[in-house]
Amino acid sequence: MQPILKIFVPVLASIVAYYLFRTIRWGLSRIPSPLSLPGPPNPGWFFGHQKEIWSKSTPLGEPTLMDEWHEMYGPTFKAGGFFGGYRIYSMDIKVVQHIMRNDDIYSKPPVMRNLLNMILGEGTGVIVAEGAQHRLQRKAMNPAFGPPQIREFTKTFFDKSLEMRDIWKAQIATEGVGEIDPVEWLSKVTVDIIGLTGFNYHLDALNDGQTNALNEAFKTMFHSNGWDSPWMPLIAALPKSIQSIIKTLALACGVDTTMKSSVDCIQRSCRQLLMENKAQLAATGEKDIGSGSRNLLSLLLKSNMSSDTPAHARMSDADVMAQIPTFLIAGHDTTSLATNWALLELSLHQDIQAKLQEELLSVPTATPSMDELNGLPLLDGFVRETLRLHSPITTLGRIATQDDIIPLAHPFTDRDGTVHDKLPVRKGQLIHITLHQVNTDKLLWGPHADEFRPDRWLNLPDSARTIPGAYSNTLSFWGGSHGCMGWRFTSIEMKVLIFVLLRSFHFELAVQKDELMVLKMASIWQRPSLKSEPLQTRLPLVVKLLKNE
Ligand code: HEM
């Protein structure tokens with residue numbers, strides 16, 4: 001080769017390669033990739049950001065980690081997942097609508113399924129079922145959550161709430177002014193309520209003297225220290241085979257024995273409850289089993305065993321059994337946490353407490369019906385506002401089961417300055433909807449979105465009405481075919497609890513406001529807590545008996 005060519009060819013090749021690289025890079029930048037989403041720098045390959053997302057406390061009223069990231073990176077961003085992966089986080093209303101409508105594409109992530117399956121046993125609870133099996137289960141269970149049934153359950157809500165009120169009254173009578181932390185009490189009363197309305201079972205949590213095996217097993221399960229450890233979701237994210245090896249090793253070392261015996265106890269109790277309810281139904285034939293003894297499980301069994309239900313549309317015994325812990329898991333801590341937040345807001349806003357108390361004390365009966373409770377406008381707005389601002393569940397996870405393109409209401413700008421109004425996702429991509437941020441989005445709710453204002457429910461902005469939630473245009477209960485089945489149950493249960501408590505007591509904070517923290521736990525729960533005990537759910541209140549009591 002000529003000496004001049006020896007220089008010219010490599011130079012030309014380099015120029016061509018450079019422009020080819022730029023053209024490919026430009027071409028690729030036209031195709032948006034979630035990788036080009038903005039987001040915080042990944043702190044490490046192993047945990048990514050999941051450790052800080054899983055459990056963290058923030059002072060009440062101050063921005064949480066998610067608030068800060070949304071503020072910095074926009075409504076849709078990426079953050080580090082386990083083992084070098086990444087997850088998408090979004091509060092974009094079009095992403096919400098798209099994922100809610102396409103639940104055949106977006107299913108619950110295996111992590112959540114694996115955690116729940118540890119408790120549900122062999123069967124599939126409605127909370128983890130998908131596709132045809134999920135549709136079948138929802139159809140069989142829907143009647144149990146309809147207005148006639150909740151109307152009937154209202155009596156049990158009152159019985160148990162009044163029982164708790166009397167325990168508080170007795171405590172105040174002996175101690176003068178009562179300093180009560182409602183956290184444990186509300187947990188007990190809601191456990192008792194779900195036991196009775198769910199499967200006609202007396203869990204007796206309010207009555208500490210009588211210990212109850214199922215109640216103890218659930219306490220062990222849910223109050224185990226494991227839940228605030230980031231190892232929990234990490235283990236649940238591993239393949240089943242590796243999980244079994246870890247479980248066997250843990251058992252061999254004696255680490256997991258309390259958890260294992262709790263799961264065994266839950267399974268045994270569920271089997272017994274199923275048999276008892278079946279026997280009772282068989283004894284009464286297919287006729288109505290009579291008001292008072294109707295419960296979520298018996299109604300489900302009735303619809304499942306009915307001669308009108310063809311064999312292929314019936315649920316297996318294992319699946320029916322799996323609904324028992326499902327009700328307990330889904331329906332207990334959620335309502336109790338929301339009611340804790342309600343009492344906190346009453347203590348912080350004495351004016352709201354006074355007005356609400358006046359409305360409730362004007363009701364001529366101590367045990368109004370569901371319809372009478374729904375006719376109280378201040379109580380209604382108060383419960384909706386509590387559930388909007390303090391949804392116990394703050395984030396919802398989904399996994400894409402196929403490649404898809406998600407439309408965005410708020411386009412994002414990638415590293416190269418290109419603006420994208422769509423987000424393609426690959427099969428297997430994890431996406432989290434940040435429910436709390438949608439519930440407090442100023443663009444949807446107006447400039448005072450993060451303030452507690454129950455009267456906003458008298459005149460909602462049109463933008464808030466675009467939120468496709470199961471309850472009150474909030475995302476607290478999600479929506480669509482996987483939306484919460486218990487929203488009506490919870491809203492009436494909360495109304496009864498607040499009705500009973502506010503007609504007897506006055507609430508104030510027993511600590512300074514700046515002592516209060518919000519504990520984000522297991523990546524989804526939002527709990528009240530204290531600076532001095534940031535990993536505990538705590539709410540010390542001064543509870544005074546009203547003069548007329
Ligand atoms: C404040 C109280 C509650 C809140 C904030 C709440 C919230 C939610 C949310 C966000 C989901 C969707 C979870 C997901 O798809 O990943 C859900 C599902 C569910 N909830 Fe609730 N819930 C509450 C109370 C209850 C109660 C009292 C019950 C039953 C008695 C219940 C039963 C269910 C069931 C069965 C599902 C699964 C629905 C399905 O996948 O088809 N929930 N809940």
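Predicted model: local features only at pLDDT ≥ 70, side-chain atom pairs only at ≥ 80, totals over all residues.
## The ligand and its shell

Start with the ligand. There are 27 residues around it, and Lys108, His134, Arg138, Arg398 and Cys484 come nearest. By class, the shell holds 14 nonpolar, 10 polar and 3 charged residues.

Where do these residues sit? Several elements each supply at least two residues of the shell. Four are helices: helix 6 (131–141), helix 14 (317–331), helix 15 (333–348) and helix 21 (487–502).

| Residue | Part of the residue | Ligand atom | Distance |
|---|---|---|---|
| Lysine 108 | side chain, N or O atom | oxygen | 2.8 Å |
| Histidine 482 | side chain, N or O atom | oxygen | 3.1 Å |
| Alanine 330 | backbone, N or O atom | nitrogen | 3.5 Å |

## Cysteine 484

The unreviewed UniProt entry lists Cys484 under "binding site". In the model, cysteine 484 lies in the loop between helix 20 (442–445) and helix 21. Is this residue buried, exposed or partly exposed? Its relative accessibility is 31%, so cysteine 484 counts as partly exposed. The cut-offs explain the label: buried means under 20%, exposed means over 50%, and partly exposed falls in between.

Which residue does its side chain touch through a polar contact? The partner is the side chain of glutamate 345, at 2.6 Å.

Alanine 173 belongs to helix 7 (residues 147–175). With a relative accessibility of 68%, alanine 173 counts as exposed. Now look along the chain. Alanine 173 and leucine 545 are 372 residues apart in sequence. Yet their C-alpha atoms are separated by 8.9 Å.

Next come the strands. Strands of a sheet pair through backbone hydrogen bonds, either parallel or antiparallel. Here, 3 strands form an open sheet in the order 1-11-12, with antiparallel pairing. Strand 1 (56–59) and strand 12 (525–530) stand at the edges. Each has a single partner strand, so one side of each is left without a neighbour in the sheet. From one strand to the next, the twist averages 30 degrees.

How many bridges pair strand 11 (residues 516–521) with strand 12? There are 6, in the antiparallel sense. Within this pairing, valine 518 has proline 528 of strand 12 as its bridge partner.

## A covered hairpin

Strand 2 (residues 76–80) is mostly covered, with 5 of its 5 residues buried. Both faces are covered. Thr76, Lys78 and Gly80 are on one side, while Phe77 and Ala79 are on the other.

Strand 2 runs antiparallel to strand 3 (residues 86–90), and 5 bridges join them. Alanine 79 stands opposite arginine 87 in strand 3. The two strands make a hairpin with 5 residues between them. In that hairpin, phenylalanine 83 takes a positive phi near 50 degrees.

Technical notes. Residues numbered from 1 in each chain as written. Heavy atoms only, no water. Near = heavy atom within 4 Å. Polar contact = N/O pair within 3.5 Å; in protein donor to acceptor, adjacent residues only side chain to side chain. Nonpolar A, V, L, I, M, F, W, Y, C, P; charged D, E, K, R; others polar. Pairing = 2+ DSSP bridges. Axes fitted to C-alpha atoms, helices over the stretch in contact; angles between N-to-C directions. UniProt positions renumbered as here; feature names shortened; annotations may be inferred. Buried < 20%, exposed > 50% of the residue type's maximum accessible area, 1.4 Å probe, protein only.
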